[in-house]
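Try each task before you read its solution.

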Amino acid sequence: MREPTFLILTALADRPRHGYGIVREVGVLSDGRVSLLTGTLYTALDRLAAEGLVELDHEEEVDGRLRRYYRLTGEGLAALTAETARLRQLTTAAEERLRSVRPRTA
Amino acid sequence: MTGPLTRRYRRLLLAYPRAYRRARGDELLGALLDAAPPGRARPTAREAADLIRHGLRARLGRPASRTVVAWAVLVAVVSGVFAAAFATRAGWETARPLPRAAEARAMLAEVLPGQEFDDIEDAPALFVIYGQPLSWNAAHSLLFFDGGEYAQAGVGGSAVGVPARPPGETVELVQRNLREHGWTVYPTTLRDMYGCVGPPCDPAAIPTGATIVARRGDTTFTMEVNPAYAGNPGYLGAVFQRATPVAVYPFGLVGGLLGAVVAFLVFGWASRRTEGRHPARVAVKPLLGVVLFFWWVPTLWTLPLAAQHHLDEPHPSWHPMWEWLGQPTFSLLFLVGCGAALLGLALAALPRPDREPVGTVPRAG
């Protein structure tokens with residue numbers, strides 16, 4: 001799973017969000033490192049929806065602007081859980097190696 | 001939602017297909033405006049490039065596909081190349097008619113005085129197949145692998161009887177006279193009249209033929225000078241042809257770009273139509289394979305050969321573009337590809353059982 005996909009799924013993990021809400025949350029989650037553009041986000045959402053990982057939750061209009069909220073499906077939650085476990089295993093392995101190389105700083 | 005920024009975003013959203021804009025346009029626009037800082041009047045270049053790129057991706061449909069972009073690029077490139085070749089053929093129509101027989105005779109008299117040439121006749125067209133302009137009568141030859149006979153016509157002839165001068169003297173004289181009469185003379189190509197690898201044959205003793213090529217304005221000149229050997233009396237032949245007209249290049253460029261854009265849009269339409277529960281969703285994939293095979297393989301086969309040919313011999317004017325693509329030698333294969341493409345498009349046009357618009361995200365149940 002690529003990083004933007006992982007971040008989008010993570011952004012939707014706690015509650016449904018609309019497009020700009022996802023962009024903002026991805027920025028927060030990545031400490032401002034990843035800034036999703038709207039076109040990129042919607043292509044990713046289309047793909048994730050086609051793969052059955054996200055679905056439409058509800059829509060509302062705010063200040064004349066249409067907002068559609070997306071949420072994780074059961075499959076999406078499972079995919080995010082599996083990817084998180086994979087990344088945790090990699091991170092743990094990397095930390096162990098770093099500790100053996102730099103015991104004081106790692 | 002109005003204002004200059006909204007208008008500009010809406011303009012950029014035209015990169016997305018119409019059905020997608022209907023289903024998601026307002027939502028995308030809302031997200032874009034939400035993300036825009038106050039006071040912004042126009043999208044940033046990065047935003048614009050992102051919307052165009054992803055709008056074009058949306059035109060291909062099949063959002064979960066990892067390969068549809070590659071297929072679209074293959075279709076657009078090969079279609080653009082063929083469209084460019086057709087356009088260059090149209091560009092060739094701007095060429096001046098070939099020199100008349102009398103003019104060719106006069107030019108030959110300047111180049112090689114005192115040498116008589118036979119069979120000099122007016123050319124019936126700029127391009128001919130077996131000496132005749134292209135017509136329905138030539139369809140069989142054109143389609144069944146004799147298409148290589150469709151080539152640029154020339155006006156020229158061969159020496160009557162044994163050439164008046166020895167080959168070496170002829171080559172020197174022709175080169176000198178051509179330069180004196182304003183021709184640009186290209187390096188002469190020499191070739192052995194027969195091949196041998198060693199004793200009892202002495203490679204140094206093999207007679208050598210020469211090809212002289214030159215250009216003046218929009219006219220090219222080619223002369224073959226072959227020595228007499230083993231009972232062969234020798235040969236001297238010359239021909240004038242037209243160089244590629246300047247208009248061919250813009251015609252090719254514009255035709256190629258138009259062809260690629262149209263092919264991309266048509267491919268995207270068919271791809272979107274045939275995703276999901278469309279009755280032809282299975283049939284269109286092998287048809288696409290047939291199209292790509294019959295359009296790409298002859299092209300990839302011929303292109304390096306044509307490039308090598310141009311590197312090996314000086315060319316005052318390059319061969320027409322379609323010859324680089326193996327056309328019309330492989331025109332039958334090209335037509336099979338066209339047939340498969342039309343059949344695929346006809347199948348894609350079949351009505352869909354559902355009316356779900358493109359870009360609709362499933363709603364939570």
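**Exercise 1. Count the helices and strands of chain A, then describe its overall extent.**

Solution. This is a predicted model, so every value below is computed from predicted coordinates.

- Step 1: Chain A contains four helices and three strands. Their order along the sequence is α-β-α-α-β-β-α.
- Step 2: The radius of gyration of chain A is 17 Å, while a compact globule of 106 residues would have one near 13 Å.
- Step 3: Along the principal axes, the C-alpha atoms of chain A fill a box of roughly 55 × 25 × 20 Å.
- Step 4: In chain A, 33% of the 106 residues count as buried. Of the contacts between residues at least 6 apart in sequence, 38% join residues at least 24 apart.

**Exercise 2. Work out whether chain B is spread out or a compact globule.**

Solution. 

- Step 1: Start with the secondary structure of chain B, which comes to eleven helices and nine strands.
- Step 2: For 365 residues the globule rule gives 21 Å, but the radius of gyration of chain B is 29 Å, so chain B is more spread out than a compact globule.
- Step 3: The C-alpha trace of chain B spans about 95 × 45 × 45 Å along its principal axes.
- Step 4: Now look at the domains. The assignment gives domain 1 (1-59), domain 2 (61-94 + 246-351) and domain 3 (98-242) of chain B. Between the C-alpha centres of domain 1 and domain 3 of chain B there are 62 Å.
- Step 5: Of the residues of chain B, 35% count as buried. Among its contacts between residues at least 6 apart in sequence, 74% join residues at least 24 apart.

**Exercise 3. Find which elements of chain B touch chain A.**

Solution. 

- Step 1: The contact involves 27 residues of chain B and 24 residues of chain A.
- Step 2: On the chain B side, the elements that give two or more residues are α2 (18-35) and α3 (45-59). The largest share, ten residues, comes from α2(B).
- Step 3: Sorted by class, this side of chain B has 13 nonpolar, four polar and ten charged residues.

**Exercise 4. Check the length of helix α7 of chain B and decide where its buried residues lie.**

Solution. 

- Step 1: The buried residues in α7(B) are B:Thr170, B:Val174 and B:Leu178. Seen down the axis of α7(B), the buried residues fall within an arc of 55°, so they line one face of the helix.
- Step 2: Recall the geometry: an α-helix has 3.6 residues a turn, so residues three or four places apart point the same way.
- Step 3: The face turned away from the buried side of α7(B) carries exposed residues, among them B:Glu169, B:Glu172, B:Arg176 and B:Arg179.
- Step 4: The partners of the buried residues of α7(B) are α5 (101-111), β5 (184-185), β7 (208-216), β8 (219-226) and β9 (235-242) of chain B.
- Step 5: After α7(B) comes B:Gly182, with a positive phi near 85°.

**Exercise 5. Do the length check for helix α9 of chain B and list what its buried residues pack against.**

Solution. 

- Step 1: For the 29 residues of α9 (residues 284-312) of chain B, 1.5 Å a residue should give a span of 42 Å; the end C-alpha atoms are 42 Å apart, which agrees.
- Step 2: Buried residues in α9(B) include B:Leu287, B:Val291, B:Phe294 and B:Trp295.
- Step 3: The buried residues of α9(B) pack against α4 (68-92), α8 (248-273) and α11 of chain B.

**Exercise 6. Locate the cis peptide bond and two residues with positive phi.**

Solution. 

- Step 1: The cis peptide bond joins B:Gln327 and B:Pro328, with omega about 0°. B:Pro328 sits in the loop between α10 (321-324) and α11 (331-348) of chain B.
- Step 2: A:Asp31, a residue other than glycine, has a positive phi near 60°. A:Asp31 lies in the loop between α2 (19-29) and α3 (38-50) of chain A. With 7 other C-beta atoms within 10 Å, A:Asp31 is exposed.
- Step 3: B:Asp119 has a positive phi near 65°. Its place is the loop between β1 (117-118) and β2 (127-129) of chain B. B:Asp119 is exposed, with 10 other C-beta atoms within 10 Å.

Note on methods: Residues are numbered from 1 along each chain as its sequence is written. Chains are lettered from A and ligands numbered from 1 in the order in which they are written. This is a predicted model: local features need pLDDT of at least 70, side-chain atom pairs count only at pLDDT 80 or more; totals for chains, interfaces and linings use all residues. Two residues are in contact if their C-beta atoms, placed from the backbone, lie within 7 Å. Ala, Val, Leu, Ile, Met, Phe, Trp, Tyr, Cys and Pro count as nonpolar, Asp, Glu, Lys and Arg as charged, and the others, Gly among them, as polar. The radius of gyration is taken over C-alpha atoms; the globule rule is 2.2 Å times the number of residues to the power 0.38. A residue is buried if 20 or more other C-beta atoms lie within 10 Å of its own, exposed if 12 or fewer, and partly exposed in between; C-beta atoms are placed from the backbone. The expected span of a helix is 1.5 Å times one less than its number of residues. The arc is that of the directions from the helix axis to the C-beta atoms. Domain bounds come from an automatic or database domain assignment.
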